[in-house]
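Me: I'm new to this one and would like to talk it through. Could you show me the structure, and then I'll ask how you know what you know?

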Amino acid sequence: MLKKKKLITSILIISFIFLAVLPAAAKEINVQAPPVPAALPFLWMQEEAELPAAVDLNINLSSDHQRGMSLLAQNDIDFLITGTNVGANAYNRGINLKMMNVNIWGIDYLLTNGFKAENWQDLKGKDLAIPLQGGPLDFLARYLAEKNGLDPEKDLNLVYRALPGGAQLFMAGQLDAIVLPEPLVTVSLARGASAEMSMDIQKEWAKIHGDERIPFVALFANGDFTEEYPQFTDIINGYYKQGVDWVNNNPEAAAELASKHFNMPAPLLKKSYSRVNLNIYSDSESRELTELYFGEMLEMYPELIGGSLPNEEFYY
């Protein structure tokens, strides 16, 4: 951890020296992020951190990942927070981007209505709601069910309902089970009269692979931007990592910051974030875990990542 902090500090010092010789006009840097924990380091940068005067940071909060990727491809934004597989798919389709870091490694849980599923066999013959057919949670639910002896098509009644509608049906008692991300997990447990926390998806993954970390969400940069402005790229990446540390070290302040921008109560968000793994690990470790995830995805849903593992140029 000490070496990691020294490296970030060194990058920022070098970047400050570089910025000292830049013209007075600030460089506008445009970011899109969904209203999820991975956006908080950027909001911290905007409101709490003392960014160099040469950086003019603009953040757009939006859950429209497809539009975000289109904007990145058209050079209309410089950085985008989205799913790791979304970035891999875009890269394999020829979009010039770099994965800067993976930041969310745990966020999904399986909830049940009126009973507690001790194992996957307890779901046999039950409804299992998933937000999007062919999406990452569909992959994980099917993958984990198969690894635990179920045939998803025969043994489960898979129900696809977009969020938040699916969560609302679950809270109304109309679905047996559902796989949800935070903060909808916390909301559903609070509002669903018979809702039970049955499985931690990350722990289920660990039973197979020996590691709970699943590379769900990443920070991507426009490839042209990284080539033309490497110093600005490193500054944003360095401050983002500092922002992750700030979120983890200041849970109450982070929840207040999220509440301000996400229109949800701070106490609920604080409780929710206690079940989220927002962290940045070493490049080598992150890549190994990401390639494991992509490799398993490639066998079941190759279209999720564009049909092949991204090559070396995908990683910053």
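Reply: A helix here is a DSSP run of H or I with at least four residues, and the numbering starts at the N terminus. By that count, N92 is found in helix α4. Bear in mind that this is a predicted model.

Me: Okay, what is N92 called, buried, exposed or partly exposed, and why?

Reply: Its relative accessible area is 25%. Buried means under 20% and exposed means over 50%, so N92 lands in between and is called partly exposed.

Me: What does N92 touch, leaving aside its neighbours within four places in sequence?

Reply: N92 is in contact with I305, G306, S308, L309 and P310, once those neighbours are set aside. Contact here takes heavy atoms within 4.5 Å. Also, the C-alpha atoms of N92 and F314 are 9.0 Å apart, although 222 residues separate the two in sequence.

Me: What makes you say helix α4 is mostly covered?

Reply: Count the residues: α4 covers 84–92, and 7 of those 9 residues are buried. They are T84, N85, G87, A88, N89, A90 and Y91.

Me: And what do the buried residues of α4 pack against?

Reply: Quite a list: α3 (65–73), β3 (79–83), β4 (97–106), α5 (136–147), β10 (217–222) and α14 (283–300). After α4 comes G94, with a positive phi near 100 degrees.

Me: Which residues other than glycine have a positive phi?

Reply: Among them are N75, with phi near 65 degrees, and N263, with phi near 60 degrees. N75 sits in the loop between α3 and β3. N263 belongs to the loop between α12 (251–262) and α13 (266–273).

Me: Why is N263 called exposed, and what is N75 called?

Reply: N263 has a relative accessible area of 73%, and exposed means over 50%, so N263 is exposed. N75 comes in at 42% relative accessibility, so it counts as partly exposed.

Me: How do you know that the peptide bond from L163 to P164 is cis?

Reply: Look at omega: for the bond from L163 to P164 it is near 5 degrees, and the bond is cis. P164 is in the loop between β7 (157–160) and α7 (165–171). A cis peptide bond also joins E182 and P183, with omega about 5 degrees. P183 lies in the loop between β8 (177–181) and α8 (184–191).

Me: How does the span of helix α11 sit against what is expected?

Reply: α11 runs over residues 230–249, 20 residues in total, and reaches 29 Å from its first C-alpha to its last. At 1.5 Å a residue, 28 Å is expected, so the two values are close. α11 is also mostly covered, with 14 of its 20 residues buried.

Me: Now the whole thing. How many helices and strands are there, and what makes the protein as compact as a globular protein of that length?

Reply: There are 14 helices and 11 strands. The radius of gyration is 20 Å, and the globule rule gives 20 Å for 316 residues, so the protein is as compact as a globular protein of that length. Its C-alpha atoms fill a box of roughly 65 × 40 × 35 Å along the principal axes.

Me: How much of the protein is buried?

Reply: Buried residues make up 52% of the 316. As for contacts with a separation of 6 or more, 78% come from residues 24 or more positions apart.

Note on methods: Residues are numbered from 1 along each chain as its sequence is written. This is a predicted model: local features need pLDDT of at least 70, side-chain atom pairs count only at pLDDT 80 or more; totals for chains, interfaces and linings use all residues. Side-chain values use heavy atoms; hydrogens and water are left out. Helices (H or I, at least four residues) and strands (E, at least two) are DSSP runs, numbered from the N terminus. The radius of gyration is taken over C-alpha atoms; the globule rule is 2.2 Å times the number of residues to the power 0.38. Buried means under 20% relative accessible area, exposed over 50%, partly exposed in between (1.4 Å probe, protein chains only).
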